[in-house]
Amino acid sequence: GHCKVEGLLGKEEADAARASLLKHLNGRLLQAYVLKMELLAADCEDDELLQLSREVKTAAEAKKKLTKWNECDVPFLQDFNVHRDDCDEGRAVDAIARSPTLGRTACDLLGVDSVRLYQTCTFFKAAGQGETSWHADLSTSPFDTNDMVTCWIALTDIKSYEQSPLEFASRSHKDVALPFWYDDEGLYNPSGDPREYEPVTHMPLSVGDSTWHHGWLLHSSPPNDSKHDRVALAITYVSSSAVTLGERDLRQHPDPEDAESYSAWLNDVKPGCVASHPLTPIVYAR
C-alpha cells in the first residue's frame, strides 16, 4: 500500500518548489492557524476556542492562543490547493501536479487508465512541533471509491526519525475488519493491540524523493524533534471514474480535516455521481 520513488523532482526543481510553497504559506499563516483552531474546536466541542478563532487578527496572536489552549504547538500547518491560485507559486505547483510522470505513476499504482487531480497540500512541520495521528486520507475525503493515491514529496531532507518521516501501517488499506469492528481508538493506534502493525518508513529521503500511499492506508508521523523545519508537498489523485458520497445510508461522514479543500466544488456535483468538475480535472489518461 506504499512505496518510495527516489529523485521524483530534481534538486533545483524541488528547492524552487519549497521556496514557492513557503512564500505562499507565509501569506496565509493566519488562515492556516484559524483552520487548526476551528478543527480542534469542532473535535472537542469547544465553543470558547471557536469564538477565539473568529476574534484573532494576526498569525502570532492565533498561534499564542492556540498554544495556550492546547498546551503545545499545533502538529503541523497546511496550505491547500496552491495550484489553483493565479500566481507564480500556483503555476509552479500546478506544473508539478500535472506532470505526465506523476499522472502515469498514479495510474500504474491504482490500475486505472486515467486520473483526476483531487488536491495539493503543503505540509509544514516546524522544529519542535508534535506528532501527526494515524489516519487514512479517504476518511477525510468526500469520495465513495477505493481508487485514491497520494504522492508525498520531501522538500527537505529526512534522514532520521527525529525529522518526522511518514510512517505506514503496511497492508492496512486491505484490513476491512479494523474499521468494521473497532472504534476510532483502534483506528488511531494500528500499531497497538489487536493489530500490532509494525510502522514502516522509507528513510532516508533526500530533497525531491517521494513516497506514495493508498487512500485507505493508515499512516502518521512522529514529532519533529530536529532543529530544522520539515516541508513536504502532497498531491492526491483519484480515478477519473471516482464518485462522490451519496446521501443515504451513510454510517459516518468524512472527517472535516480536508473540508476546506473540497468545499469549492462539492456542492456542484450531485451526490453519488462522478466527481467531474473544473476543479477536479483529468490530468492524465493513457
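Arg171 counts as exposed at 54% relative accessibility, where exposed means over 50% relative accessible area, buried under 20% and partly exposed in between (1.4 Å probe, protein chains only). Arg171 lies in the loop between strand 7 and helix 7 (177–181); helices (H or I, at least four residues) and strands (E, at least two) are DSSP runs, numbered from the N terminus. This is a predicted model, in which local features need pLDDT of at least 70 and side-chain atom pairs count only at pLDDT 80 or more, while totals for chains, interfaces and linings use all residues. Residues are numbered from 1 along each chain as its sequence is written, and side-chain values use heavy atoms, with hydrogens and water left out.

**Backbone features in loops**

Most residues other than glycine have a negative phi, and most peptide bonds are trans. Arg171, although not a glycine, has a positive phi of about 70°. Ser164 likewise has a positive phi, near 65°. Ser164 is placed in the loop between strand 6 and strand 7 and is buried, with a relative accessible area of 0%. A cis peptide bond, with omega about 0°, joins Met203 and Pro204. Pro204 lies in the loop between helix 8 (184–188) and strand 8.

Ser226 belongs to the loop between strand 9 (219–221) and strand 10 (230–239). Ser226 is buried, its relative accessible area being 15%. Apart from neighbours within four places in sequence, Ser226 is in contact (heavy atoms within 4.5 Å) with Ala127, Gly128, Glu162 and Gln163. The C-alpha atoms of Ser226 and Asp175, 51 residues apart along the chain, are separated by 33 Å.

**Strands and their pairing**

In a regular strand the side chains alternate between the two faces of the sheet. In strand 6 (residues 148–154), 7 of the 7 residues are buried, so this strand is largely enclosed by the rest of the structure. Met148, Thr150, Trp152 and Ala154 are buried on one side, and Val149, Cys151 and Ile153 on the other. Strand 2 (residues 77–80) also has both faces covered, with Leu77 and Asp79 buried on one side and Gln78 and Phe80 on the other.

Two strands pair if DSSP finds at least two bridges between them.

| Strands | Bridges |
|---|---|
| Strand 2 and strand 3 (residues 114–125) | 4 bridges |
| Strand 6 and strand 10 | 7 bridges |
| Strand 6 and strand 8 (residues 210–214) | 5 bridges |
| Strand 7 and strand 9 | 2 bridges |

Within these pairs, Gln78 has Phe123 of strand 3 as its bridge partner. Thr150 stands opposite Thr236 in strand 10, and Trp152 opposite Thr211 in strand 8. Phe168 faces His219 in strand 9.

An open sheet of 3 strands has the order 4-9-7, with antiparallel pairing. Strand 4 (132–135) and strand 7 (167–168) stand at its edges with a single partner strand each, so one side of each has no neighbour in the sheet.

**A helix pair**

Helix 1 (residues 11–26) and helix 5 (residues 88–97) pack at an angle of about 135°, with their axes 9 Å apart. Axes are lines fitted to C-alpha atoms, for helices over the stretch in contact, and angles run from 0 to 180 degrees between N-to-C directions. The two helices are therefore oblique to each other; angles under 35 degrees count as roughly parallel, over 145 as roughly antiparallel, 65 to 115 as roughly perpendicular and the rest as oblique. Glu13, Ala17, Ser20, Leu21, Lys23 and His24 of helix 1 make the contact with Glu89, Ala92, Val93 and Ile96 of helix 5.
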